[in-house]
Amino acid sequence: PPEAPGKPFVDDYGVDFVELKWEKPEKDGGRPITHYVIECKNKFLTDWTECAKTENDDCVGKVHGLKEKVVYQFRVRAVNKGGASKASEPSDNHTVKHKNLKPRIDRTNLKNITIKAGKAMIWSVDVKGEPEPEIIWTWRDDIPLTNTENIKIENGNYHSNFSIKDAKRADTGKYKIVAQNANGKDEETVELVVLGSPGRPQGKLEVSNVTKKGLKLKWKKPADDGGTPILEYKIEKLKNRNGKWVRCGTVTGGPEILEADITGLDEGATYKFRVIGVNAEGDGEPLESEEVVAKNPYDEPWKPGTPEIVDYDNKSVKLKWTAPKSDGGAPIQKYVIQKKDRFKDWEDVSEVDGGETTATIDDLKENTECQFRIVAVNKAGRSPESDPTKSHIVKHRALKPRIDRTNLKPIVIRAGKMVHYDVNVKGEPEPEITWIVKEKPVLADDNFEIINKDYNTKFTLKDSLRKHSGVYKIQAKNEHGQDEAEVEITILSSPSRPKGPLEVKDVTKNGCKLKWKKPDDDGGKPITGYELQKYDQKVGRWVPIGKAPADAEEFDVTGLQEGQHYKFRVKAINDEGESEPLETDEYIVAKNPFDVPKAPTDVVIVDWDNQSATLEWKRPNSDGGAAITGYFIEKKEKGESKWEPAVTTSSPECRAKVVDLPEKRVYQFRVSAINKAGTGEASDPTNFHTVKHRYLRPRIDRTNLNPITIKAGLSVQYDIDIEGEPAPTVKWFHGEKELATDADYKIDNVDYNTKFFIMRGRRNLTGKYTIVATNSQGED
């Protein structure tokens with residue numbers, strides 16, 4: 001074999017390959033070198049593997065399929081017909097990577113950071129690119145950053161660390177990392193927010209509106225809020241240079257320009273003020289004012305004139321006064337009205353604008369005794385109190401009557417009970433009170449008692465009667481007007497007598513009809529019904545015969561005995577009892593004014609189906625003297641002796657339909673006429689009728705139509721039912737040939753049935769047989 005080739009070196013490379021070169025062996029072993037074998041291994045492994053072969057003896061070869069970022073070594077063996085040489089010396093380590101790659105910053109760790117002042121931070125960033133990119137960090141207006149005591153930048157091996165050891169509020173801003181090489185550049189911006197206390201409020205702390213007890217401060221919010229919203233501003237004061245700052249106010253953060261009214265100052269004292277912004281991180285730097293002395297540029301007003309009560313009612317007073325003789329050098333801002341109840345202290349109850357010298361005080365308690373006085377207020381403070389008004393009792397000055405309706409509830413009682421109302425009436429002067437019913441004044445008598453006294457009226461109905469029911473009106477009048485209120489009193493009793501006359505109509509031997517009209521008065525409760533009674537002259541006493549509902553005004557009497565004399569009466573009933581009875585004027589005799597009708601004639605069945613039959617007939621020769629109101633139809637099944645009701649009509653029409661008849665049953669029918677006297681004689685019965693369809697397409701019953709196989713000489717028989725109306729005509733066919741009874745066949749056709757016989761089977765009778773059933777409705 002040849003000697004080992006020279007040490008290979010990487011001549012070219014990419015993200016997944018290398019191209020190697022080497023020197024050929026000094027000795028080829030006596031035979032030409034045919035090719036070279038390239039072996040490789042991972043830097044961290046021990047085993048070598050074959051990874052490529054050359055096609056000839058050129059000392060150059062490519063290895064493909066390498067993994068990016070893995071470190072490899074390579075060696076070469078020369079091969080001739082004698083075999084492979086020893087391996088060459090291994091190449092230097094080679095990391096598989098791009099040879100030329102535009103920089104690409106890994107943004108995974110490039111997140112915006114918010115930290116508190118004094119804390120440390122770091123951005124740790126990987127960077128790709130070939131050749132290895134140069135990395136620069138800049139700040140704000142692309143100012144390049146370098147290492148300082150507080151900032152540390154570490155670049156190398158495709159990586160950069162940017163850290164701040166002790167973050168300050170001033171470090172807040174946007175930072176940019178730039179990676180560049182010969183193939184291009186990449187950059188990314190990331191923000192750092194360092195939270196701290198707010199800066200000093202901007203501008204000058206302005207002082208205005210100074211008085212002996214207070215003043216106004218005004219300032220602008222800080223240019224820097226510390227990275228988090230300002231929650232509030234603390235206001236402190238320093239009195240007479242004593243070195244002790246004391247909190248004197250708080251203002252919520254937010255607006256650009258802020259103000260605060262400071263009160264509680266001591267007149268003549270010297271003050272300084274300062275404002276401090278506060279956020280979640282703490283207190284900011286203070287903004288101080290210049291010194292100021294607490295004193296007024298003006299004085300308090302003099303006392304106002306004595307107020308006068310110019311109007312009043314039961315809840316309020318209207319006051320009028322004169323302005324102070326001096327306003328103290330400053331306009332009067334408002335007047336304060338004070339009130340003092342008897343045996344109580346003075347209290348502020350209302351305010352009006354400084355331009356007003358009248359006021360109405362509301363929500364006073366009626367019948368209380370009180371006084372009023374006035375205080376004027378300007379920028380310097382409150383004036384002395386005015387002289388008070390005289391004592392005043394809260395009451396109406398003039399009042400239209402007003403009836404208190406609290407006790408005016410509708411009353412419903414039974415007759416004989418007492419009714420009482422106790423009603424208060426307001427009004428100034430005291431109103432005159434009148435009770436009215438049915439447009440007439442109610443006067444005191446044995447039933448009524450009325451007492452009017454001291455803004456009150458008492459009304460009593462002692463022994464109530466039904467006639468006292470009605471709507472009662474209370475009328476209260478004085479010089480300022482009047483008021484009216486109504487209340488309903490209902491006295492319950494039994495109804496009045498039904499209105500007559502009590503008419504007796506449609507008298508027959510068994511009954512009659514009574515008619516009346518409802519009572520004029522239902523007694524205050526709904527009528528629940530009527531009770532009817534009869535007086536049989538033969539028995540000699542009144543006997544109940546029935547009850548009618550509340551809405552009825554007539555009653556059918558039954559159960560009378562023919563030829564007997566009767567009187568009748570009716571009573572109205574409600575929940576309170578029975579009315580007086582309304583009686584007939586005379587006796588009536590129970591007898592018919594007419595007879596039952598004669599029998600109808602010529603009853604025939606004109607239509608039918610498999611469940612019903614329709615009958616028609618002629619009217620009876622005589623209706624018995626009363627109009628025929630309907631007909632009674634009966635049915636009787638064949639073989640039975642008893643007639644059964646079938647249907648009753650309610651009109652004189654000579655036609656009726658009997659339904660719900662069982663199919664294939666056989667019936668007769670007869671008809672009787674009905675009038676007021678009752679049911680008349682029955683007609684002659686119809687002919688027997690089979691319940692069946694009148695019109696029905698033929699339908700062969702295929703139950704027995706089964707194929708048959710027999711031995712020659714044996715007979716065949718079919719018994720087939722056939723539906724259809726009219727009864728179908730039946731034909732049998734063998735193939736196309738119509739059959740008739742002969743030596744081979746026997747056919748018996750009756751209505752709705754056919755019987756077919758093959759008398760003696762032969763081979764030539766084998767085949768398909770067809771039945772055809774035909775009527776006017778079709779065939780099967």
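I began with a definition: a residue counts as buried under 20% relative accessible area, as exposed over 50%, and as partly exposed in between. I also noted that this is a predicted model.

**Entry 1: E484 and K473**

I looked up E484, and its relative accessibility is 32%, so E484 counts as partly exposed. I then examined its partner. The side chain of E484 meets that of K473 in a salt bridge, at 3.8 Å from N to O. E484 belongs to strand 42 and K473 to strand 41 (residues 470-478), and the two are 11 residues apart. K473 has 22% relative accessibility and is therefore partly exposed.

**Entry 2: R402 and D483**

I next asked which residue forms a salt bridge with R402. The partner is D483, with 3.8 Å between the closest N and O atoms. R402 lies in strand 34 (residues 399-403) and D483 in strand 42 (residues 481-492), so this pair ties together parts that are 81 residues apart in sequence. Is D483 buried or exposed? I recorded D483 as buried, because its relative accessibility is 11%. R402, at 47%, counts as partly exposed.

**Entry 3: K239 and D266**

I found a further salt bridge between the side chains of K239 and D266, at 2.4 Å from N to O. K239 is in strand 20 (residues 232-239), whereas D266 sits in the loop between strand 22 (257-262) and strand 23 (270-279), so the pair joins parts 27 residues apart in sequence. K239 is partly exposed at 29% relative accessibility, and D266 is partly exposed at 38%.

**Entry 4: Salt bridges overall**

I noted a count of 60 salt bridges. I also noted a network of salt bridges that links R104, R107, D186 and E188.

**Entry 5: The largest pocket**

I turned to the pockets. The largest pocket has a volume of about 590 Å³. Its lining has 24 residues, and I708, Y718, I758, G767 and Y769 lie nearest the centre. I sorted the lining into 14 nonpolar, 6 polar and 4 charged residues. Which strand gives the largest share of this lining? Strand 66 does, with 3 residues.

**Entry 6: The second largest pocket**

The second largest pocket holds about 370 Å³ of space. I listed K69, V127, K128, E130 and Y158 as the closest to its centre among the 16 residues that line this pocket. Strand 9 (101-105) and strand 11 (121-130) each give two or more residues to the lining. Strand 11 gives the most, with 5 residues. I recorded 4 nonpolar, 4 polar and 8 charged residues in the lining of this second pocket.

Terms used: Residues numbered from 1 in each chain as written. Predicted model: local features only at pLDDT ≥ 70, side-chain atom pairs only at ≥ 80, totals over all residues. Heavy atoms only, no water. 1 Å grid on protein atoms, 1.4 Å probe; cavity = no way out; pocket = protein on both sides within 12 Å on 5 of 7 lines; lining within 4 Å. Points joined across faces, edges and corners; volume = space filled by probe spheres on them. Helix = DSSP H or I, 4+ residues; strand = E, 2+ residues; numbered from the N terminus. Nonpolar A, V, L, I, M, F, W, Y, C, P; charged D, E, K, R; others polar. Salt bridge = Lys/Arg side-chain N within 4 Å of Asp/Glu carboxyl O. Buried < 20%, exposed > 50% of the residue type's maximum accessible area, 1.4 Å probe, protein only.
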